[in-house]
Amino acid sequence: MTVSTLSDLFDPVACPRLVIKVGSALLVGKDGLVRREWLSSLVEEIATARSNGQQVAVVSSGAIALGAARLGLEKGGRASLADAQAAAAVGQIELSGLWAELLGQNDIAAAQMLVTLDDLEDRRRYLNASATLVHLLECGAVPVVNENDSVATWGIRFGDNDRLGARVAQAALADAIVLLSDVDGLYDRNPKEEGAQLIPLIQKIDSRIRAMADGGSASGMGSGGMTSKIQAAEIATRAGIALAIVNGLHEQPLSCALHSDRASVFAPRRNDAGRKAWLGGRIAIKGTLTVDDGAKAALGKGASLLAAGVTNVDGAFKRGDVVTIASVDGSPIAQGLAEYDADESRKIAGRKGAEQAELLGYTPRAAVVHRDHMVLL
């Protein structure tokens, strides 16, 4: 059964496993203190969902904001990488303790998981994280996941918990994810503009939908705006996971959204599974291969990418790195694992098999990106 409406998200038959992402601005007030009553109301909703038969995992921001308040750091702890790492180290203890306390009051065991971008980009580590998440859920715990900001660096991190949430939903084999935000959902323009209309259901994410996103975070405390939520929706919906953007400013935000029927739901558009889902959600893209129209058509029919169809190579990737495959207008078509490094790819771009062997000095591989290691976007 596919989740396609807001009510489906809270139906244990349609959605046996749900992920809820909580942003910093909802969990921590501008005074740096936890919005305890609000969080207690959300935990009560999680307890109700579990009693109704749903398994629930949480992706929780807030460590940096809590730690920054405790340490007296400027700009919410985001003035420098060193500040962010120190704030996270202090705040994560308080954050995990808070979730454990409130879930414990409802006789629910909380489990902490801290992950980095590399943990979910590396296939073996991703599978380990997935196995742990699934087993915790099956054991009746509520995993509380956050990025390990005390060791992450600016260049190798998610940077926002929206995309992290989508990747966690994939790893947890979830049916849907709710992003609790400070707006009702996706509007056709900035919601502050007169006449802005909420879009309740999005069946397809295209250039029109992406253009509606506003990259800013309204509170100035978090790191994710609407752009990151659209990116998260692309990751989730390709893997058969519905994603909803829900206003979390109210107490009992899930019930409030359901009763008012105000939210934006991104319906799953296909159901990539296993390796394909993991590959489609990869974020650390190392380069781009531009292809001609003939190669674009062949990829759409399930073919591998051959060197003859490559017109340009950007980046400094190595064999096995993830690359984007784009059309001549720059639109992404697919992403996959490169069979050659960037320099070799440039040598053989646009060349046929016999020419490739001469240029490489060895027998060429079957493809530049093989269809078994590629996912269409």
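I started with helix 2 (residues 36-51) and helix 10 (residues 253-260), which pack at about 70° with their axes 8 Å apart. Axes here are lines fitted to C-alpha atoms, for helices over the stretch in contact, and angles run from 0 to 180 degrees between N-to-C directions. Helices are DSSP runs (H or I, at least four residues), strands likewise (E, at least two), numbered from the N terminus. So the two helices are roughly perpendicular (65 to 115 degrees; under 35 is roughly parallel, over 145 roughly antiparallel, the rest oblique).

I noted who touches whom: Trp38, Ser41, Leu42 and Glu45 from helix 2, and Pro253, Leu254 and Ser255 from helix 10. Contact means heavy atoms within 4.5 Å.

Caveats for myself: this is a predicted model, with local features needing pLDDT of at least 70, side-chain atom pairs pLDDT 80 or more, and totals for chains, interfaces and linings using all residues. Numbering runs from 1 along each chain as its sequence is written, and side-chain values use heavy atoms, without hydrogens and water.

Next I checked the UniProt record (unreviewed entry), where "binding site" includes Thr227; such annotations may be inferred rather than shown by experiment. I found Thr227 in helix 9 (residues 226-238). Thr227 has 32% relative accessibility, so I logged it as partly exposed (between buried, under 20%, and exposed, over 50%; 1.4 Å probe, protein chains only).

Last, the whole chain: I count 14 helices and 13 strands. Buried residues make up 51% of the 377.
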